[in-house]
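Here is a briefing on one protein chain. Please look over the sequence and the structure before reading on.

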Amino acid sequence: MQIHELTCFGAAPGAGNPALVIEDGPASLEARAAFARERATTCVFIDAPAEPGVAATLDYQYPHTRSPLCLHATLAAARVLLADQPLSVATAMQGQRLLLSRDGDSYFVRLDAQPAAQPAALPDLAALLGLPGFAPASSARVASVGSPKLLVEVADQAALYALQPDLAAITAWGKAHGVNGIYAWCRRADGRYEGRNFNHLDPALEDSATGVAAGALSTLLGHGIDLLQGRATGRDCLIRTRLEGNAVLVGGAAEPA
């Protein structure tokens, strides 16, 4: 078994969201789940391709659950797998095709926007986000590039870091509606965006960079963005996206930890 430790989407050298890339790892889902729990880190297992036209299958395992897609772990896999040419891979749970590429020191994942059903009624966002009287700065919407997120705009950075999310209630609502948590975001004065992701039950596991949310937000806004994340976790991250027709490219740095 080969284990590669990387940090991804770092806004500066040494920063970023950690991930483990495992080659020739355990075959069973139970062993993979135990591996991720023991290391308390997002893991991506590189398996042989299950279908023609792809170089590998990627199986994502968080410490608390298996995931259909994780873009910071995909970026880590790109750092391990890529040579000179773009490379197609597929996800283990849904068979989603991803195109991995490199541009200088940055790695990118190209994927298509996915249909996302809107809930019949929005939840009580003030209760879920822990801010009495809260109202979103724009209509909250579900969007997806493979892992649906409820995207909730807040007024500014101060509001973003004042949130006190009810993680259990967010998780319960998400399971009932097929949504993988809430992504709260705001517009910055410098033209960039900033966000936080809430889809873990443990506050200590807040994500430092959520590539699927960056991709979903780009499709919602209709243009590429520079998205900052990680201030709440002490791991400053920068995710860059751009749109190409119905596809979105999500990218950033990926370097050995």
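V54 is found in the loop between strand 3 (43–47) and strand 4 (56–61). Helices (H or I, at least four residues) and strands (E, at least two) are DSSP runs, numbered from the N terminus. This is a predicted model, where local features need pLDDT of at least 70, side-chain atom pairs count only at pLDDT 80 or more, and totals for chains, interfaces and linings use all residues. Residues are numbered from 1 along each chain as its sequence is written, and side-chain values use heavy atoms, with hydrogens and water left out.

- V54 has 11% relative accessibility, so it counts as buried (under 20% relative accessible area, with exposed over 50% and partly exposed in between; 1.4 Å probe, protein chains only).
- Leaving aside residues up to four places away in sequence, V54 touches P49, S88, V89, A90 and R97; contact means heavy atoms within 4.5 Å.
- L201 lies 147 residues from V54 along the chain, and their C-alpha atoms are separated by 34 Å.

**Helix 5**
- Helix 5 covers residues 167–177, and its buried residues are L167, I170, T171, W173 and G174.
- Seen down the helix axis, these buried residues fall within an arc of 165 degrees, so they line one face; the arc is that of the directions from the axis to the C-beta atoms.
- An α-helix has 3.6 residues a turn, so residues three or four places apart point the same way.
- K175 and A176 are exposed, on the face of helix 5 turned away from its buried side.
- Cover for the buried residues of helix 5 includes helix 3 (125–129), strand 10 (149–153), strand 11 (182–187) and strand 12 (193–198).

**Helix 6**
- Helix 6 (residues 211–221) is largely enclosed by the rest of the structure, because eight of its 11 residues are buried.
- Those buried residues are G211, V212, A213, A214, G215, A216, L217 and S218.

**Whole chain**
- The chain has six helices and 15 strands.
- Buried residues make up 50% of its 257 residues.
- Along its principal axes, the C-alpha trace spans about 50 × 35 × 35 Å.
- Among contacts between residues at least 6 apart in sequence, 58% join residues at least 24 apart.
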